[in-house]
Amino acid sequence: SKCERIQRPVRRPEKKVLNAAYKLIKYKLEGPQSKIRIQQPAEKVFVLLQSVIGRNEFQDFQLRQETNEMLDVAYRVISAVEEYSIQGSGHGQVAAEAISLRRSLYLRIWNENDGVLSQISGVTSEMSAKLKVIDVCTFADVMNVSNEDIARACNMPESFGNSLRVTVGTILQSTLRLSAYTKEKDSGGGMELVVKITRRDDRSVASCDSDNKNTYHFIVHTDRPGGLLTFGEEIANEAEVTLQCPDTFGRMYIRLIGNLVGLDELVTVDGNARIEKSSFSLSPTVAKSTKKGKKQSQLSSQPVSSKKRHFYSHGSSVSNVNDMRLHKRVKIQKEQKKKNTESIEMIDCEPEEQEKDLVSSKTTSSKSNNRKSVTPSPHPPSFRSNAGMNNNSQVIEQSFDGRDNTMTPLRDPPSASRSE
């Protein structure tokens, strides 16, 4: 993904789609996963190529077109790495990694755990997942299950199970296996490596077509740089190879890389020196975030006390503070009703004053229950003075005359006239 010839710029409308596709791919970028956002061209290539292997399709036409262009360039780059490691540097592990990655891009599958049966034409990834439920994961598992079980698991007719078993049978008949050992040379000093390539199934493969036979890449290399001993292509038959071992090596690797995922063979032979592990790998590793979050680090740094602290342990030191804990709505309504009933008190007074107190208490309770109540604002001072003068100047008293029962207005009191 860091090759500049494969990279494409990240456009703004693509970021949301790329971030969603990043959650579906198998291998992740390094760092805390919650903070990773696809913003760089190398990260875009990282997501798109893994989406191809994971069989995740995009609806955007431009993304699909760029993905096809990336695949073409990726095939050529990987083929160049493979050719250089075989003929130039002689690094066997680099050659093996390049061959495996090119096969994964072509077949759209990472390894055996991702469903090897989806490589067969007519078997979808959904069918492979359904067969995995009944413990059918490899080619050999298919031959241990009946046709009815396969058809029932895939919701297909019984003929589908029969055809699948026949196809898997032809694959297993042309499968090869490895065996290797070391021995001393007959003349002179040194050691020799003897590798035998035999057929896994002893039955005859004469009935198999040449197109359906499995082919392999044969690689023998040590753990040292430039330790490639031999390389072969399109190996399909039994063979025996004798190689001269180097003077010092830690471990020797004998590989058969098949044209289908799930048919690879690996045999190791220990040498006479310390084993050196190479850090080179074309397939990304699973990211592990070692950084802790702020909250987690703060919690881990604080010592844990053995004493339990009660909620009301410091209640005596605080006064006039309401309980801020959340309660249910039903409890709150009940408590409000209790407070409203307790706020009304019976006082011995005249009936008119008692009725006024009851009316005033009801109005205050209704205003308190109403959330949208508005308190009236006081009158301006000019209005208050005018109102007071009018009230003092015009005082009307009503009296009843015993003779004609008519109301007669009285004159202003002398005090008011003197004040005026």
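# Exercises: helices, sheets and a salt bridge

The axes of helix 5 (residues 125-133) and helix 7 (residues 147-154) come within 9 Å of each other and cross at roughly 120 degrees. This is a predicted model: local features need pLDDT of at least 70, side-chain atom pairs count only at pLDDT 80 or more, and totals for chains, interfaces and linings use all residues. Residues are numbered from 1 along each chain as its sequence is written, and side-chain values use heavy atoms, with hydrogens and water left out.

**Exercise 1. Describe how helix 5 meets helix 7.**

Step 1. Helices (H or I, at least four residues) and strands (E, at least two) are DSSP runs, numbered from the N terminus. Axes are lines fitted to C-alpha atoms, for helices over the stretch in contact, and angles run from 0 to 180 degrees between N-to-C directions.

Step 2. Classify the angle. Under 35 degrees is roughly parallel, over 145 roughly antiparallel, 65 to 115 roughly perpendicular, and the rest oblique. The crossing of roughly 120 degrees therefore makes helix 5 oblique to helix 7.

Step 3. Helix 5 passes helix 7 in a right-handed crossing. A crossing is left-handed if the near helix is turned anticlockwise from the far one by less than a right angle, and right-handed if clockwise.

Step 4. List the contact (heavy atoms within 4.5 Å). Helix 5 brings M127, K130 and L131; helix 7 brings I150, A153 and C154.

Step 5. Sort these residues. Ala, Val, Leu, Ile, Met, Phe, Trp, Tyr, Cys and Pro count as nonpolar, Asp, Glu, Lys and Arg as charged, and the others, Gly among them, as polar. The contact has 5 nonpolar, no polar and 1 charged.

**Exercise 2. Do likewise for helix 1 and helix 2.**

Step 1. Take the axes of helix 1 (residues 15-22) and helix 2 (residues 41-53). They come within 10 Å and cross at roughly 55 degrees. That makes helix 1 oblique to helix 2.

Step 2. Helix 1 passes helix 2 in a left-handed crossing.

Step 3. L18, A21 and Y22 of helix 1 touch K44, V47, L48 and S51 of helix 2. These divide into 5 nonpolar, 1 polar and 1 charged.

**Exercise 3. Which residue forms a salt bridge with K44?**

Step 1. Apply the rule: a side-chain nitrogen of Lys or Arg within 4 Å of a carboxyl oxygen of Asp or Glu. The whole structure has 12 salt bridges.

Step 2. The partner is E14, with the closest N and O atoms 2.9 Å apart.

Step 3. E14 lies in the segment before helix 1 and K44 in helix 2, so the pair ties together parts 30 residues apart in sequence.

**Exercise 4. What is the strand order in the open sheet of 4 strands?**

Step 1. Two strands pair if DSSP finds at least two bridges between them. The order is 4-3-6-7, with antiparallel pairing.

Step 2. Find the edges. Strand 4 (228-235) and strand 7 (265-270) each pair on one side only.

Step 3. The twist averages 10 degrees from one strand to the next.

Step 4. Strand 6 (residues 251-258) and strand 7 are joined by 6 bridges. M252 stands opposite V269 in strand 7.
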